[in-house]
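Me: Please examine the structure shown below and discuss its helix packing and its disulfides.

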Amino acid sequence: MPVTTRTTGKARRTYVMLGVGTALLFASTGPASAGEDPGISDSSTSATKKADTIGAVARISYTSTGKGGAGTGTVTSVDPNWKPPPCWYAPEWKAKEFRDFRNRLYFTARHDPDAPGDALKDMSDENRGYAEDDYNIDKEKDGMWWGAQFSPDATLEEQQECNKPPFWVENGETPDVPNVISPEILAGLAYKQITVPGTKVSLAPGGASKVNLPTWAWLDKGEFKPVSVTAELDAGPLHIEATTTAKPVSLTIKPGTDDAELLPASGTCEINDDGSIGEPYAKGKADRTPPCGVVYERSSGRGTYDLQATATWEITWEGTGGAQGTLPNGEYGNDQPVKVEEIQSVNR
């Protein structure tokens with residue numbers, strides 16, 4: 001893959017020929033997000049944006065079901081090695097649109113005074129190859145040109161995973177190439193869009209917690225319900241979708257200090273059948289051990305401890321054609337301050 005760096009009086013620019021055959025420009029500050037062209041002169045920016053919109057056929061849309069609320073946030077995979085797909089191949093252009101896209105793209109790069117000659121030559125050679133078959137314009141109704149698409153936060157290295165130039169695919173066919181769009185890829189992209197409720201737990205007895213006495217922690221039923229996101233792609237005759245669902249399974253408590261005993265000892269409170277976690281405190285339960293909580297063994301003094309409650313979400317997906325599977329569990333949590341006081345005696 002050709003990579004050329006040019007240093008100008010203003011900035012260093014790196015031209016990389018990616019799968020779409022586009023000369024993307026990357027400033028010395030780091031890689032650009034997909035679809036961005038930092039460093040292009042003002043005179044050519046509008047032409048580039050106009051060219052980009054031509055290939056907007058296969059944009060992925062998302063639909064969410066579920067309740068947000070205070071402290072809402074996105075889940076993070078418990079597997080540090082898993083990440084959503086950084087790039088994929090999908091239908092991008094009808095034949096005439098592809099011809100116009102390539103011509104405008106070349107025009108933009110040609111009029112950038114800092115564009116390296118080898119990048120322009122590679123683009124010109126690709127265009128010449130496409131033009132030999134007149135960009136398949138005579139097959140306008142029979143198929144589409146497919147190209148690489150990128151997650152907005154994909155790094156330059158990740159973008160290079162999809163370095164195949166645009167290719168023609170007949171309607172109804174699935175190209176035999178890695179990273180081709182599929183329900184599984186859509187499921188991974190939907191995962192990234194999932195937002196879940198915050199995890200601020202109820203604590204009791206009310207007011208400040210007391211040293212060596214159980215602090216009850218719970219979440220009422222209805223606080224946690226499954227959340228789903230559907231990722232959908234429509235391009236010509238092609239329709240693919242996948243629904244990724246996050247189901248709450250447990251809540252893990254971290255007391256914010258080593259001077260504490262967790263209840264249960266693992267600190268993980270399982271979700272109840274009715275969707276609640278733990279058990280609400282009520283008058284008369286002072287002598288009981290809470291199913292979910294913490295016993296602080298030292299006062300927080302004039303400050304507070306940051307109790308952290310993190311929910312674990314089981315992630316599954318199903319998609320077009322009966323496809324289905326699982327993805328790594330996700331986590332999301334919130335901190336809340338807890339004041340702990342020392343007492344000399346307690347009357348029950």
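This is a predicted model: local features need pLDDT of at least 70, side-chain atom pairs count only at pLDDT 80 or more; totals for chains, interfaces and linings use all residues.

Reply: Residues are numbered from 1 along each chain as its sequence is written, and side-chain values use heavy atoms, with hydrogens and water left out.

Me: How are helix 2 and helix 3 oriented to each other, roughly parallel or roughly antiparallel?

Reply: Helices here are DSSP runs of H or I with at least four residues, and strands are runs of E with at least two, numbered from the N terminus. The axes of helix 2 (residues 95–110) and helix 3 (residues 117–132) come within 11 Å and cross at roughly 160 degrees; axes are lines fitted to C-alpha atoms over the stretch in contact, with angles from 0 to 180 degrees between N-to-C directions. Angles over 145 degrees count as roughly antiparallel and those under 35 as roughly parallel. Helix 2 and helix 3 are therefore roughly antiparallel.

Me: Which residues of helix 3 make the contact with helix 2?

Reply: Contact means heavy atoms within 4.5 Å. From helix 2, the contact involves Phe98, Arg102, Leu105, Tyr106, Ala109 and Arg110. Helix 3 contributes Leu120, Met123, Ser124, Glu126, Asn127 and Tyr130.

Me: How many residues of helix 5 are buried?

Reply: A residue is buried when its relative accessible area is under 20%, exposed when over 50% and partly exposed in between (1.4 Å probe, protein chains only). In helix 5 (residues 183–193), the buried residues include Ile185, Leu186 and Tyr191. Helix 5 is mostly covered, and of its 11 residues the buried ones number eight.

Me: What is the angle about the S-S bond in the link of Cys269 and Cys292?

Reply: The sulfur atoms of Cys269 and Cys292 lie 2.1 Å apart. Cys269 counts as buried at 3% relative accessibility, and Cys292 counts as buried at 1%. Their link is right-handed, with an angle about the S-S bond of 85 degrees.

Note on methods. Angles under 35 degrees count as roughly parallel, over 145 as roughly antiparallel, 65 to 115 as roughly perpendicular and the rest as oblique. A disulfide is a pair of cysteine sulfur atoms within 2.5 Å.
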